[in-house]
Each structure stands twice: as structure tokens, then as C-alpha cells.
Amino acid sequence: VLLSKAEFLKGVVAMDGLPPPDRAEVCMAGRSNVGKSTLINALTGRRALARASNTPGRTQEINFFTVAASHYLVDLPGYGFAEAPVAVKEKWQRLLKAYLTGRPNLKRAFVLIDGRHGAKPVDEGIMGLLDKAAVPFQAVVTKADKGKARDRDAALERTRDALNRHPAAFPEIILTSSETGEGVPALRAAIMGLAD
Ligand code: GDP
């Protein structure tokens with residue numbers, strides 16, 4: 001089953017722009033270029049639903065999609081762009097913290113990790129925020145089709161180590177490839193299982 005009828009609802013730049021918390025919500029976070037837009041498109045079976053937001057320093061929006069009337073799927077802007085101006089980063093950090101701590105219907109965050117690299121310090125930064133906000137999160141490894149198996153295994157091991165350091169983390173990692181479709185149904189099932 002696809003996450004059918006996923007529709008872009010709105011981009012939010014401040015807490016007062018959030019839609020009413022009237023349905024189950026999940027959010028997706030990850031470093032820029034981790035493959036988040038591609039995975040959201042694969043999940044929803046649509047092309048170009050999530051716009052690639054890879055421009056450094058552009059307005060940071062929290063993008064809301066409605067999914068089958070039962071869920072909000074929330075696309076958080078990619079992090080890790082050193083080029084973004086400090087003021088932009090700080091504004092974004094404040095909004096992110098406010099969102100994560102103040103969203104009663106947020107069931108789970110999915111933290112996307114590039115399968116070639118494993119969890120990096122900046123990923124652990126977001127994991128630390130999720131711990132503090134007490135938002136349960138699950139790691140989703142992307143691009144599982146890429147690179148050598150040995151490098152992927154090492155990266156997976158680093159990701160496991162990182163998860164062990166974070167109390168809000170689920171131990172189970174979802175391995176995905178938007179290229180082959182591996183793991184996409186498992187992620188979809190995890191999302192749809194989080195009903196209100
Ligand atoms: P975002 O910045 O996190 O939204 O990343 P994108 O979705 O724009 O993807 C970044 C790059 O990685 C693009 O060139 C994608 O084609 C590529 N990519 C994304 N997912 C996969 C995947 O599962 N396998 C492979 N091989 N490439 C991928």
C-alpha cells in the first residue's frame with residue numbers, strides 16, 4: 001500500500017503556523033543530501049512531492065504533507081550546511097526545538113542516515129535534541145544500494161553505536177534504498193502503524 005493521497009499542505013516558519021494537532025504525525029530529519037526528498041517521494045509513490053530543498057541559506061520551512069487523512073508527514077529541512085548564515089541557523093534551531101517539544105501529536109521522528117557514512121556528529125546532535133524533547137525516534141539508513149558491503153557494514157555499526165548513546169532511540173534500524181525500493185514498505189508500515 002502506498003501512503004496514498006499524500007498532498008502538500010503548507011510550509012511553516014513559525015509555531016503559530018502549525019496545523020491543528022488533530023491527527024497522528026511523524027517527522028523526517030536528516031543531513032542535506034541524505035536522500036530525504038527521494039525517500040519521501042518513494043514512500044508516497046509520487047514524483048517530486050517533496051521539493052529538493054538543497055539551497056544553503058534558503059528560508060527554512062517545516063513542510064507538512066497530509067497522508068490519507070489520518071497522518072501528517074513532516075519534512076524537516078536538511079541540516080549540516082556549514083554555509084548557512086549563523087542567524088538563519090539559530091532561528092531554525094529555535095523553531096526546531098519549539099516544534100519537537102511542543103507538538104502533542106508527534107508520534108515518532110525518523111532520523112535519516114546515509115548508508116555510506118553512518119551516523120555523524122551532526123546526526124547525534126539531532127538525536128540529542130530528540131532525547132531532550134522525549135520524542136521517540138528511529139534511524140532510517142538511506143542509499144543501502146550504494147558503496148561496498150564492507151563499508152556499509154562499518155557505517156551500520158557506527159550508527160548502532162550512536163543509537164546506544166541515545167535513550168529516545170529505537171534499537172531497530174530500517175534499511176532503505178529509494179533506488180531498489182528495499183525497506184520502503186517497512187518504513188511505510190511503521191508510519192501507518194502509528195495511528196491516533
Ligand atoms: P535530500 O537533500 O536529503 O532531500 O536528498 P535528495 O533526495 O535530493 O538525494 C540526494 C542525492 O542522493 C540525489 O542525487 C539522489 O538521486 C541520491 N539518492 C537518494 N536516494 C538514493 C538511493 O536510495 N540510492 C542511490 N543510489 N542514490 C540515492
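The model is predicted: local features need pLDDT of at least 70, side-chain atom pairs count only at pLDDT 80 or more, and totals for chains, interfaces and linings use all residues. Residues are numbered from 1 along each chain as its sequence is written.

**Overall fold**

The protein chain has five helices and seven strands. Both are DSSP runs numbered from the N terminus: helices are H or I with at least four residues, strands are E with at least two. Along the sequence the pattern reads β-β-α-β-β-α-β-α-β-α-β-α. Of the 196 residues in the protein chain, 36% are buried. A residue is buried if 20 or more other C-beta atoms lie within 10 Å of its own, exposed if 12 or fewer, and partly exposed in between; C-beta atoms are placed from the backbone.

**Strand pairings**

Two strands pair if DSSP finds at least two bridges between them.

| Pair | Sense | Bridges | Partner residues |
|---|---|---|---|
| S1 (residues 7–12) and S3 | antiparallel | five bridges | Val-12 and Ile-62 |
| S6 and S7 (residues 174–175) | parallel | two bridges | Val-140 and Ile-174 |

Strand S3 (residues 62–67) is largely enclosed by the rest of the structure, because five of its six residues are buried. The hairpin of S3 and S4 has three residues between the strands. There, Ala-68 takes a positive phi near 50°.

Strand S6 (residues 137–142) is mostly covered too, with five of its six residues buried. S5, helix H3 (residues 121–133) and S6 make a right-handed one. S6, helix H4 (residues 149–164) and S7 make another right-handed unit. Right-handed means that, with the strands pointing away from the viewer, the path from the first strand over the helix to the second runs clockwise.

**Helix H2**

Helix H2 (residues 86–101) has 16 residues and should span 22 Å at 1.5 Å a residue; its end C-alpha atoms are 22 Å apart, which agrees. The expected span is 1.5 Å times one less than the number of residues. The buried residues of H2 are Leu-95, Leu-96, Tyr-99 and Leu-100. They cover an arc of only 125° around the axis, which puts them on the same side of H2. That arc is taken from the directions from the helix axis to the C-beta atoms. Facing away from the buried side are the exposed residues Val-86, Ala-87, Glu-90 and Arg-94.

**Two loop residues**

Ala-134 lies in the loop between H3 and S6. Its phi is positive, about 55°, although it is not a glycine. Ala-134 counts as exposed, because it has 10 C-beta neighbours inside 10 Å.

Lys-143 lies in the loop between S6 and H4. Lys-143 also has a positive phi of about 55° and is not a glycine. Lys-143 is buried, with 23 other C-beta atoms within 10 Å.

**Ligand shell**

Of the 18 residues around the ligand, Gly-35, Lys-36, Ser-37, Thr-38 and Glu-179 come nearest. A residue is near if its C-beta atom, placed from the backbone, lies within 6 Å of the molecule. Helix H1 (residues 36–44) gives the most to this shell, with three residues. The shell divides into two nonpolar, eleven polar and five charged residues. Ala, Val, Leu, Ile, Met, Phe, Trp, Tyr, Cys and Pro count as nonpolar, Asp, Glu, Lys and Arg as charged, and the others, Gly among them, as polar.
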